[in-house]
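Morning, everyone. Let me put a model on the screen and walk you through it.

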Number of protein chains: 2
Amino acid sequence: MQTVVIVGVGLIGGSFALALRDAGFDGRIIGVSSERTIAEALRNRVIDEGLPLDRACAQADLIYLAGPIHSILDTIPRLDEHARGGTLVTDAGSTKQKIAAAGAKLRRAQFLGGHPMAGKESRGVQAAEGQLFVGRPYLLTPESPADMETPAAVEFLAWVRKIGAVPRVLSPAQHDRIVAHSSHLPQLLSTALSGTLGRHPDSEQIAAAAGPGLVDSTRLAMSSWDIWRDILETNRPSILEALDLFIADAQALRARYVSSELEADFAEGKEFALRLRNSR
Amino acid sequence: MQTVVIVGVGLIGGSFALALRDAGFDGRIIGVSSERTIAEALRNRVIDEGLPLDRACAQADLIYLAGPIHSILDTIPRLDEHARGGTLVTDAGSTKQKIAAAGAKLRRAQFLGGHPMAGKESRGVQAAEGQLFVGRPYLLTPESPADMETPAAVEFLAWVRKIGAVPRVLSPAQHDRIVAHSSHLPQLLSTALSGTLGRHPDSEQIAAAAGPGLVDSTRLAMSSWDIWRDILETNRPSILEALDLFIADAQALRARYVSSELEADFAEGKEFALRLRNSR
């Protein structure tokens, strides 16, 4: 892998570039992004060069699509005509079935979907950091097991490990069901909680009394609609299923609170919270 | 204020002692706690001395009750017979109406309820830190405005500011309604979410795919039942009201997700999340 092209040099794309450098990658990193982003990415030494998509792809061993989902879906069909044979195309989109279907149509380039479970409140290349993926799951979503065994895929997997991430392999459909629960449901709950409190007649006093728990619980509510519009559009059935499951559980918890006590709920909640911390 | 007695030298009581020291308090700090906790608090120089409640109270200018709510409720009626006239009794309990009612019966000592909106995952005196209250709201719940104007209350308020906390005054009833929304509702949602995911057939994969958002969303689920039993018992009507409001809002959000889109929900959620960060 000599030349990596990052399409969309924001928080994730920029962090992937920095992480490759930190992990010892000494090839060329080319960015494809808006003029302003490219200027900033060059200034911060995140990329070596900015180029238009066609010229960048013609040199790429790895094309890393890190924009919003709709832009990934727009870009994939344009890659085959420019990419060399054997180039690996991967992405960092938060839902995988629609992207995998688009990727499956590539002929010269190979597609392997991915989803690094990393992020933070700040966006943009100025927030990029080389350690963003350390200790975080990196979900890979091949259409078939053979997709993981091409030379380009094996090399990419090695880099995922070298940047400190923990790769996990799921089918695109499994991925979308899992993240509907692990990521999309928590997002909607944080948005809903923030909305409930923001609309409350005492919302000023509630905000003024906020402790660290409420700060944690509303962090996701600061997420950008630009990103979430696409996620909600491309994973609706699984997200609705997760939301229904949660609402039913919340109603059952309310009933237990009225009729008895919640000791078992607290024990179960703690068990899972500890389990997910131990499985990282 | 020369002698401060901390009853219950755990995370909050220990942190209050350390915070006083950091803020320049040069009087005596006496701890009332289990033998083991006193030994650890002495070893870590959190307190100067451990004493039984009666002997400690006889010397106190300020009695700071930092145990669980049931222990605060048990302790308050025992204070008058030992405390000197003019001693201020305050507490750090998470609900205030029942505690304020108990405090109102004190005759020699003056009661002024309090609730520092600070905390963290770890408990116990070994987790105590002098900076725990910096920038955090410190809710004070006088029964009447005059309670804030006694010399002992004025001095205590000055120390609350000196330890870096931001004092806010509410009636006990207002307090319990506000924290039902700002603190108790987020706790139950985190517990419910953790339970939903922990019981899910794919819970292992969900845990393995957890990103920073799910880690934040499940942090409160690690809270101790020992503490929450009392909170849930002593603030039931307000917590049920908050929970019902949230469940109705979550159902309405689900309906909007099916029929249209959630852009306005994201905007509202973000607005409140930013507002609470700015009001700290």
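Predicted model: local features only at pLDDT ≥ 70, side-chain atom pairs only at ≥ 80, totals over all residues.

How does chain B lie on chain A? Turn chain B by 180°, shift it 0.0 Å along the axis, and it can be laid on chain A with an RMSD of 0.0 Å. That is the relation of a two-fold axis. The same surface serves both copies, and 100% of the contact residues of chain B recur in chain A.

Now the interface itself. On the chain B side, 88 residues are in contact with 88 residues of chain A. Together the two chains bury about 8200 Å² between them. Of that area, 66% is on carbon and sulfur atoms. Which three residues of chain B supply more of its buried area than any other three? They are B:W225, B:Y257 and B:F266. These three supply 10% of the area that chain B buries against chain A.

The rule finds eight salt bridges across the interface of chain B and chain A. Let me pick one of the eight. B:D216 forms a salt bridge with A:R219. The closest N and O atoms are 2.9 Å apart.

Stay on B:D216 for a moment. Its place is in helix α9 of chain B, residues 212-217. Is B:D216 buried or exposed? It counts as buried, because its relative accessibility is 12%, and the cut-off for buried is under 20%. Leave aside its neighbours within four places in sequence, and B:D216 is in contact with A:D216 and A:R219.

Next, the strand. Look at β4 of chain B, residues 62-65. B:L62 and B:Y64 point one way. B:I63 and B:L65 point the other way. All four are buried. In a regular strand the side chains alternate between the two faces of the sheet.

What does β4(B) pair with? Strand β1 of chain B, residues 3-7, runs parallel to it, joined by four bridges. Strand β5 of chain B, residues 88-91, also runs parallel to β4(B), again with four bridges.

Follow B:L65 across. In β5(B), the bridge partner of B:L65 is B:D91.

One last piece. β4(B), helix α4 of chain B, residues 69-75, and β5(B) make a right-handed β-α-β unit.

That's my tour. Questions, please.

Technical notes:
Residues numbered from 1 in each chain as written. Chains lettered and ligands numbered in written order. Heavy atoms only, no water. Helix = DSSP H or I, 4+ residues; strand = E, 2+ residues; numbered from the N terminus. Buried < 20%, exposed > 50% of the residue type's maximum accessible area, 1.4 Å probe, protein only. Contact = heavy atoms within 4.5 Å. Pairing = 2+ DSSP bridges. Right-handed = clockwise from strand over helix to strand, strands pointing away. Least-squares fit on C-alpha atoms with pLDDT ≥ 70 in both. Buried area = accessible area lost by both parts, 1.4 Å probe. Salt bridge = Lys/Arg side-chain N within 4 Å of Asp/Glu carboxyl O.
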